[in-house]
Amino acid sequence: MGMSVTISVATGQDAEQIFRLQYLCFQSEAALYGNYRIDPLVQSLDSVRQEVTSDCVFVARLGDEVVGSVRGKITDDGTAAIGKLCVHPRLQGHGIGARLLRAAEAALAEERGATRFRLFTGHRSEGNLRLYRRSGYETVGRSRGTDGVEMIILEKQAGTYAATA
């Protein structure tokens, strides 16, 4: 019988696994844009450690292995910024990303008072856009990342959940 994937709050001990997983997962995004200098690929391990300590970070685990992660924090206007959602390539398409996203949203709303959620994804990232739209997010604008990639900005109000996942 196989193990189940569990979702939990990340600890400082998870930082290195999150760092390695992020590097693996964002290779396909970098290839999609022909840009291997995107933020998740150039972020330092120390920066990931700091985010795990200060932000709302969840991981998906398969046994002791971190196979997914997501981060969120409250911005100056009270909106929860959610980012760097990733799931190990061998486990994508099984609902783990949606579970991570829901866990982050719930914690950011209940524990940190978020009333709205905002996230960004590259304009060519169709799989990401499908997930976010199924999760109730709507496009509210576009911007260009510091790495030059055109990003779509999506938002939803806290408490807004899609009828189907």
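Which residues does N35 touch, not counting residues up to four places away in sequence? I looked this up first in the predicted model. N35 touches A30, D147 and V149.

**Entry: N35**

I placed the residue next. N35 sits in the loop between α2 (27–33) and α3 (39–42). Is N35 buried or exposed? Its relative accessible area is 15%. The cut-off for buried is under 20%, so N35 counts as buried. I then checked the polar atoms of its side chain. One of them lies 2.8 Å from the backbone nitrogen of R37.

**Entry: the sheet**

I traced the strand order. The sheet is open and has 7 strands, in the order β1-β2-β3-β4-β5-β7-β6. The pairing is mixed. Which strands stand at the edges? They are β1 (5–9) and β6 (138–144). Each has a single partner strand, so one side of each lacks a neighbour in the sheet. From one strand to the next, the twist averages 25 degrees.

I looked at one pair in detail. Strands β5 (residues 116–122) and β7 (residues 150–157) run antiparallel and are joined by 7 bridges. I picked F120 and looked for its bridge partner in β7, which is I153.

**Entry: helices across the sheet**

I checked α1 and α4 against the strands. Helix α1 (residues 15–25) lies across β2 (56–62), β3 (65–74) and β4 (80–87). Its direction is at about 95 degrees to β3. Helix α4 (residues 45–54) also lies across β2, β3 and β4. I read its angle against β2, at about 105 degrees.

Which residues of α4 are buried? I found L45, V48, E51 and V52. Seen down the axis of α4, they fall within an arc of 120 degrees, so they line one face of the helix. The general rule is that an α-helix has 3.6 residues a turn, so residues three or four places apart point the same way. The cover over the buried residues of α4 includes α1, β2, β3 and β4. I then turned to the face away from the buried side. It carries the exposed residues D46 and T53.

**Entry: α6**

I repeated the check on helix α6 (residues 126–134). L129, L131 and Y132 are buried there. Their arc around the axis is only 160 degrees, which puts them on the same side of α6. What covers the buried residues of α6? The cover includes β4, α5 (96–112), β5 and β7. Last, I looked past the end of the helix. G136 follows α6, and its phi is positive, near 100 degrees.

Technical notes. Residues numbered from 1 in each chain as written. Predicted model: local features only at pLDDT ≥ 70, side-chain atom pairs only at ≥ 80, totals over all residues. Heavy atoms only, no water. Pairing = 2+ DSSP bridges. Helix = DSSP H or I, 4+ residues; strand = E, 2+ residues; numbered from the N terminus. Axes fitted to C-alpha atoms, helices over the stretch in contact; angles between N-to-C directions. Contact = heavy atoms within 4.5 Å. Buried < 20%, exposed > 50% of the residue type's maximum accessible area, 1.4 Å probe, protein only. Arc of directions from axis to C-beta. Polar contact = N/O pair within 3.5 Å; in protein donor to acceptor, adjacent residues only side chain to side chain.
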